[in-house]
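Subject: The structure, and what turned up in it

Hello,

Here is the structure I promised to pass on. Have a look at it first, and then read on for my notes.

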Amino acid sequence: MTAAHWPQVAAIYAAGIATGQATFATDVPTWDEFDAGKRAGLRWVALDGGTVLGWVAVSGVSTRAVYSGVVEVSVYVDPAAHGRGVGRALLERLLAEAPAHGVWTVQAGVFPENAASLALHAAAGFRVVGTRERLGLMTSGPLAGRWRDVVLLERRLDA
C-alpha cells in the first residue's frame with residue numbers, strides 16, 4: 001500500500017465506517033495519520049487492474065518492547081468485491097509475511113454482529129479469546145449511542 005492507493009483505500013474505509021459494523025472510528029484519517037499509525041512493510045492492497053478491492057494493515061498494540069511482536073489487524077473489502085475471496089487473500093498474505101517482521105501474534109477486534117468478518121478470521125485460523133462486553137460507545141452512524149461488545153480474536157504465528 002502506498003500513498004497513491006490512499007484515495008481508494010480511504011473510500012473503502014469510509015464505507016466500512018458508514019455501516020456501523022466495522023469500527024468505532026468516526027472519520028477516515030489523512031494518509032499521513034494512517035501511515036504513521038500502521039506498520040510499514042505489513043500493509044497491502046488487493047488490486048484488480050488499477051482498482052483497489054480491499055486492504056489490510058496492522059498497528060502495534062503497545063509501545064512496550066515485550067509486546068513488539070503483537071499487532072492488531074484491520075482488513076477492509078470494497079462492498080462491490082464482497083464474496084470474492086479478497087479479505088482471505090489479504091489476511092493470508094499478512095500472516096505469511098508477518099513473522100519475517102518479528103510478529104508472533106496477530107489480534108483482531110470484531111463486533112459480534114459482523115458475521116462475515118468473524119467467519120473470515122476463523123477461516124484464517126484465528127481463535128476467539130473472549131468477548132469484551134460494552135467496550136465502547138458508538139458516537140456516530142446508524143448505531144450512535146449504543147454500547148458495543150467486541151470479540152477479541154488472535155492468531156499465533158511461528159516467529
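In helix α4 (115-123), Ser117, Leu120 and His121 are buried, where buried means under 20% relative accessible area, exposed over 50% and partly exposed in between, with a 1.4 Å probe and protein chains only. They sit on the same side of α4, because they cover an arc of only 95° around the axis; the arc is taken from the directions from the helix axis to the C-beta atoms. Among the elements that cover these buried residues are β3, α3, β4 and β6. Helices (H or I, at least four residues) and strands (E, at least two) are DSSP runs, numbered from the N terminus. After α4 comes Gly125, with a positive phi near 90°.

Before going further, please keep in mind that this is a predicted model: local features need pLDDT of at least 70, side-chain atom pairs count only at pLDDT 80 or more, and totals for chains, interfaces and linings use all residues. Residues are numbered from 1 along each chain as its sequence is written, and side-chain values use heavy atoms, with hydrogens and water left out.

The largest nonpolar core has 27 residues, and Val73, Leu94, Val106 and Phe126 have the most contacts inside it. Such a core is a set of buried Ala, Val, Leu, Ile, Met, Phe, Trp, Tyr and Cys residues joined through side-chain atoms within 4.5 Å. Two or more of its residues come from each of β1 (43-48), β2 (51-60), β3, α3, β4 and β6, and α3 gives the largest share, five residues. Apart from this core lies another of 14 residues, including Trp6, Tyr13, Val52 and Tyr76. In soluble globular proteins, nonpolar side chains tend to be buried together.

Val73 touches, among others, Val56, Leu91, Leu94, His121 and Phe126, not counting residues up to four places away in sequence; contact means heavy atoms within 4.5 Å. Val71, in strand β3, is buried with a relative accessible area of 1%.

A pocket here is an open set of points on a 1 Å grid over the protein atoms alone, where a 1.4 Å probe fits, with protein on both sides within 12 Å along at least five of seven lines; lining residues have an atom within 4 Å of a point. The lining has 43 residues, and Ala22, Val75, Tyr76, Asn114 and Ser117 lie nearest the centre. β3 gives the most to this lining, with six residues.

Most residues other than glycine have a negative phi. Arg134 is exposed, with a relative accessible area of 52%.

Best wishes
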